[in-house]
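Dear colleague,

I am handing over a structure that you have not worked with before, and below it I have set out what was found. Please look through the sequence and the model first, and then read on.

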Amino acid sequence: EEAAAKWASTDEVCHAHLRDVHDKLQAVQDCHAAELSKEVAKASAEAVDRVRKEATFAADTLQRELASTRDSLQRQVADREVIHEQRRAAFEQALDEKLGRLEEALGKEAAARLCLADD
């Protein structure tokens, strides 16, 4: 009986010690899990920040390229308008010169007819 009581007491002490070790192990695991969770959250936030920065950089680059393309197209339109105006002015001048020559020729012909009519 004494031996059984001793074994029971030893068994209780061992179980208590085992529970204590188990509780400590659980606490260490919980602590590691919390630290790992923090690290994962930090890494995720850093990854999101990197992606955001890359997206912002890409958007800025695209915006600059679009502005450059727009400016180039505006210059082309302005150049075409200048060329069109120059061609129109040259055509108008040519028409005016031709009209002047025709009026001069008509005047000479009218004068010649008057001279012939007078004779």
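By about how much of the helix are Asp49 and Lys53, both in helix α1, separated? The model is a predicted one, and in it Asp49 and Lys53 are separated by about one helical turn, because they are 4 residues apart in helix α1. The two form a salt bridge, in which the closest N and O atoms are 3.4 Å apart. Asp49 is partly exposed, with a relative accessible area of 30%, whereas Lys53 counts as exposed at 56%.

The helix that holds this pair, α1, covers residues 2-118, and Lys6 lies in it as well. Lys6 is exposed, its relative accessible area being 62%. To give you a sense of distance, Lys6 and Glu81 are 75 residues apart in sequence, and from C-alpha to C-alpha they are 110 Å apart in space.

Turning to the salt bridges as a group, a search of the whole structure finds 7 of them, and the bridge between Asp49 and Lys53 is one that I have already described. Another joins Glu109 and Arg113, whose side chains meet at 2.8 Å, taken from N to O. Glu109 and Arg113 are also 4 residues apart in helix α1, and therefore about one helical turn separates them. In this pair Glu109 counts as partly exposed at 40% relative accessibility, while Arg113 is exposed at 56%.

A further salt bridge links Arg70 with Asp71, with the closest N and O atoms 3.5 Å apart. Arg70 is partly exposed, with a relative accessible area of 46%, and Asp71 is likewise partly exposed, with a value of 31%. Besides these pairs, you will find that Glu85, Arg88 and Glu92 are linked in a network of salt bridges.

With kind regards

Conventions:
Residues numbered from 1 in each chain as written. Predicted model: local features only at pLDDT ≥ 70, side-chain atom pairs only at ≥ 80, totals over all residues. Heavy atoms only, no water. Helix = DSSP H or I, 4+ residues; strand = E, 2+ residues; numbered from the N terminus. Buried < 20%, exposed > 50% of the residue type's maximum accessible area, 1.4 Å probe, protein only. Salt bridge = Lys/Arg side-chain N within 4 Å of Asp/Glu carboxyl O.
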